[in-house]
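Please open the structure in your viewer and keep the selection tool at hand. The stops below are meant to be visited in order.

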Amino acid sequence: MQQWPHPPVTAHRRPAGEDESRRANGPDWDRYADEYQATHGEFLGDAGFVWGPEGLTEADAGILGPVEGRDVLEVGSGAGQCSRWVRERGGRAVGLDLSHRQLQHSRRIDEASGVAVPSVLGTATHLPFGDASFDVVFSSFGALQFVADIERAVAETARVLRPGGRFAFSITHPTRWMFPDDPTEEGLTATQSYWDRTPYVEVDDETGRTAYVEHHRTLGDWVRLLADAGFRITTLLEPEWPADNERLWGGWSRVRGRLTPGTAIFGSELPS
Ligand SMILES: C[S@@+](CC[C@H](N)C(=O)[O-])C[C@H]1O[C@@H](n2cnc3c(N)ncnc32)[C@H](O)[C@@H]1O
């Protein structure tokens, strides 16, 4: 559920499949990329790895395990900040993202920082890599809540991972879907069913085209998805909002963060 300025849209809860989601979200991220990087780039850090607006870093969370000498894929890599952090620690990180403009920002930061992240334009549901190519796949608020065919995205992740490989990702905490996407007190009253998986869809008022789609799964859905694809869940982190974090990020804020979790971070691994 987005907050940034974009063409006037009307929000719906209605079905939206994989093609519709991808065709809407790629151009949407292209439109938003400049503002996203201008607004959040400093917080993210050119070679920083944060898991979400709370500011929990991978250096503190340690979900990926050691990355030195490992082949690492970031799905929904945006401007590659997290992958750059991995590369600075000796991991061979590569990025994949649906948005051409996000990848242009990645290239800009590659050149400015001197730490280049090889990146490819693509989607989480068709990873353009061979079987068993990576030791680690991760996504920090990347593709997973934007795809409809999540079974395929998780299966693709399992396919490109080697035995014993790790998969970690952060998403909007599923309980947030009960509340209006509002960072103020107004966003603290549950108004929607936690169990309603109907996608959130924005339709451009002028063109009638789908402008943005986001998908909700419950915590139980995620457990089942990972288990069905052969993963063992190793952790589920729900970072608390730090007292000194005054950041407003869409629906994330201190007002809501001190009472309800905004981010869920799953860690999992395949059998060796
Ligand atoms: C909130 S941004 C996160 C980017 C980066 N991880 C960060 O922390 O800044 C979400 C990213 O997911 C990408 N994305 C959306 N749908 C995707 C898909 N189906 N496959 C790959 N990337 C996708 C968007 O283009 C965007 O760059």
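Helices (H or I, at least four residues) and strands (E, at least two residues) are DSSP runs, numbered from the N terminus. The model is a predicted one, in which local features need pLDDT of at least 70, side-chain atom pairs count only at pLDDT 80 or more, and totals for chains, interfaces and linings use all residues. Residues are numbered from 1 along each chain as its sequence is written.

**Stop 1: helix H4**

Select residues 100-113, which form helix H4. The expected span of a helix is 1.5 Å times one less than its number of residues. For the 14 residues of H4 this gives 20 Å, and the end C-alpha atoms are 20 Å apart, which agrees. Now colour Gln102, Leu103, His105, Ser106 and Ile109, which are buried. A residue is buried if 20 or more other C-beta atoms lie within 10 Å of its own, exposed if 12 or fewer do, and partly exposed in between, with C-beta atoms placed from the backbone.

**Stop 2**

Strand E2 (residues 71-75) runs parallel to E3, joined by 5 bridges; two strands pair if DSSP finds at least two bridges between them. Select Leu73 and find its bridge partner in E3, Val94. Which residues is Leu73 in contact with, leaving aside neighbours within four places in sequence? They are Val94, Leu96, Phe134, Val137 and Val160, where contact requires C-beta atoms, placed from the backbone, within 7 Å.

**Stop 3: the nonpolar core**

A nonpolar core is a set of buried Ala, Val, Leu, Ile, Met, Phe, Trp, Tyr and Cys residues joined through C-beta atoms within 7 Å. The largest one here has 57 residues, and those with the most contacts inside it are Leu73, Val137, Ala143, Leu144 and Ala168. Its largest share, 6 residues, comes from helix H1 (residues 18-44). In soluble globular proteins, nonpolar side chains tend to be buried together.

**Stop 4: around the ligand**

Select the ligand and the 22 residues around it, of which Trp29, Gly76, Gly78, Ser99 and Ala143 come nearest. A residue counts as near if its C-beta atom, placed from the backbone, lies within 6 Å. H1 gives the largest share of this shell, 4 residues, and H1 and E3 each supply at least two.

**Stop 5: strand E10**

Finally, select residues 263-269, strand E10, where 7 of 7 residues are buried. Thr263, Ile265, Gly267 and Glu269 point one way, while Ala264, Phe266 and Ser268 point the other way. Strand E6 (residues 161-172) pairs with E10 in the antiparallel sense over 7 bridges, and Phe167 stands opposite Ser268. Strand E9 (residues 232-237) is also antiparallel to E10, joined by 5 bridges, with Leu237 opposite Ile265. End at Gly267, which counts as buried because it has 21 C-beta neighbours inside 10 Å. Gly267 and Phe167 are 100 residues apart in sequence but 6.1 Å apart in space, C-alpha to C-alpha.

How values were computed. Two residues are in contact if their C-beta atoms, placed from the backbone, lie within 7 Å.
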